[in-house]
Amino acid sequence: MTVERGAKTRGRVAQAMAGADAIEIKATIPDKQMAQTLKRFKLTLRNDEERYIYFFDTPGLDLLDAGIIMRARRVVGEQHDSTVKFRPIEPSKVGDEWRRYPDFKVEADASEKGMTKSASFSMSAAKGLIKRVAAGKRPIMELLTPAQRKFIERTAKRKIDFDSLVVLGPLRAHRWRFEDPGCPWPITAELWIREDRDRMMEVSIKAPAPQAACAAGGFMAFLAEIGAERDNEQQTKTRWAMSYYARKLDKGARKARSAPPKPREVASQRRRSATKKVAKPVAGSASKNAPRRGIRKAAPKGR
């Protein structure tokens, strides 16, 4: 097996990794190989970490299109959290003040389609808060700490109108972390299941920045060795999930607009229409040319 190397490859990965602290290498598993993958690594619902993932964006996914991802995760039996993520991002444009937070990180996300840098800031969320926000009982903004909101404003150079955001989800997810003799890095597998039962499975490893070239090449070689096929329809889990729930929301809104009004609504509209009829002016009443409320009439000259 020949791997290209020499002067023209020197520092190629290091340059692409500049500013990132670590690398996460991801690969999606084709649907036809999911059952085989679960069986090979002995992954079951008895040894998984069950999660419910919610995204927050405008109905048109304006944040996602601008490279901003807002999500919250309910982890069964564990601490819940909320995350703000910028992808892609230039690490030099991210202030050093955020690095003092333990769950802030700048990483390179790599796949067979290329490499993209991201910056994410996670904080814990109180038990029950995510459910209350999803039910519309609490505002979405409460899921983010003041530090996270400040991170958005300073990094995006603008404020977010949280009142324009909607809840997208939840998406059910199963997560496993395991080791294999053929791979020197711990492997993480995630299986995401949408409401329409469509699934996406992803396997990944993480490595510190100095190991990026070795980890990227080694993990792809490991996948090839165990017979994992390339997923020609590979896309990010985030867009795959959010696009579905945004379409579902839009479909529901259009259906509601086109539905005929209920009998009670018709009667209510008739009553409102009747009250809007303007009576003919009577003697002594204000004419239509009378000054509007809040506008003072000019005083006569000479006073």
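Visitor: What does Phe151 touch, leaving aside its neighbours within four places in sequence?
Guide: In this predicted model, Phe151 is in contact with Val84, Phe86, Val94, Trp98, Phe104, Ala119 and Phe121, once its neighbours within four places in sequence are left aside.

Visitor: And which residues touch the most other members of the largest nonpolar core?
Guide: Met70, Phe104 and Phe151 do, in a core of 58 residues. Strand 8, residues 183-193, gives the largest share of this core, with 6 residues. Another core lies apart from it and has 16 residues, including Ile69, Trp240, Tyr244 and Tyr245.

Visitor: Back to the rings, then. How many aromatic pairs are there?
Guide: The count comes to 12. One of them is Phe121 with Phe151, an edge-to-face pair with 5.7 Å centre to centre and 85° between the planes. Phe121 sits in strand 6 (residues 114-125) and Phe151 in helix 5 (residues 146-156), so this pair ties together parts that are 30 residues apart in sequence.

Visitor: Are those two buried or exposed?
Guide: Phe121 and Phe151 are both buried. They also belong to one aromatic cluster, together with Phe86, Trp98, Tyr101 and Phe104.

Visitor: What about Phe219 and Phe222, why is that pair stacked?
Guide: The ring centres of Phe219 and Phe222 are 6.3 Å apart and the planes are at 20°; stacked means planes under 30 degrees apart, so the pair qualifies. Both residues are in helix 6 (residues 212-225), 3 residues apart, which is about one turn of the helix. Phe219 and Phe222 are buried as well.

Visitor: Nice. Which residue lies over the face of Trp192?
Guide: That's Lys237, at 4.7 Å from the ring centre of Trp192.

Visitor: Let's go to helix 5. Which of its residues are buried?
Guide: Ala147, Gln148, Phe151, Ile152 and Thr155 are buried in helix 5. Looking down the axis of helix 5, you'd find its buried residues within an arc of 145°, so they line one face of the helix.

Visitor: What do they pack against?
Guide: The buried residues of helix 5 pack against strand 3 (68-75), strand 4 (80-86), strand 5 (104-111) and strand 6.

Visitor: And what follows helix 5?
Guide: Lys157 does, and its phi is positive, near 60°, although Lys157 is not a glycine. Lys157 is in the loop between helix 5 and strand 7, and it is exposed, with a relative accessible area of 66%.

Visitor: Where is Lys42, and what is its phi?
Guide: Lys42 is in the loop between helix 2 (34-40) and strand 2 (49-57). Its phi is positive, about 55°, although Lys42 is not a glycine. Lys42 is exposed, with a relative accessible area of 62%.

Visitor: How about Lys26, buried or exposed?
Guide: Lys26 counts as buried, because its relative accessibility is 14% and the cut-off for buried is under 20%. Lys26 has its place in strand 1 (residues 22-29).

Visitor: Who is Lys26 in contact with, leaving aside neighbours within four places in sequence?
Guide: Lys26 is in contact with Arg87, Asp109, Ala110, Ser111, Glu112, Glu202, Val203, Ser204 and Met220 on that basis.

Visitor: Okay, Val75 next. Where does it lie?
Guide: Val75 is in strand 3, and at 5% relative accessibility Val75 counts as buried. Not counting residues up to four places away in sequence, Val75 touches Glu49, Glu50, Arg51, His80 and Lys127. Between Val75 and His174 there are 9.8 Å in space, C-alpha to C-alpha, and the two are 99 residues apart in sequence.

Visitor: Which peptide bonds are cis?
Guide: The bond from Arg87 to Pro88 is cis, with omega near 0°, and Pro88 is in the loop between strand 4 and strand 5. A cis peptide bond also joins Gly169 and Pro170, with omega about 10°. Pro170 lies in strand 7 (residues 166-180).

Visitor: Last one, cysteines. How many disulfides are there?
Guide: The count comes to 0 disulfides. As for burial, Cys183 counts as buried at 6% relative accessibility, whereas Cys214 is exposed, with a relative accessible area of 53%.

Note on methods:
Residues numbered from 1 in each chain as written. Predicted model: local features only at pLDDT ≥ 70, side-chain atom pairs only at ≥ 80, totals over all residues. Heavy atoms only, no water. Core = buried A, V, L, I, M, F, W, Y, C linked by side-chain atoms within 4.5 Å. Buried < 20%, exposed > 50% of the residue type's maximum accessible area, 1.4 Å probe, protein only. Helix = DSSP H or I, 4+ residues; strand = E, 2+ residues; numbered from the N terminus. Contact = heavy atoms within 4.5 Å. Phe/Tyr/Trp six-rings, centres within 6.5 Å; stacked < 30°, edge-to-face > 60°. Lys NZ or Arg CZ within 6 Å of the ring centre and 35° of its normal. Arc of directions from axis to C-beta. Disulfide = S-S within 2.5 Å.
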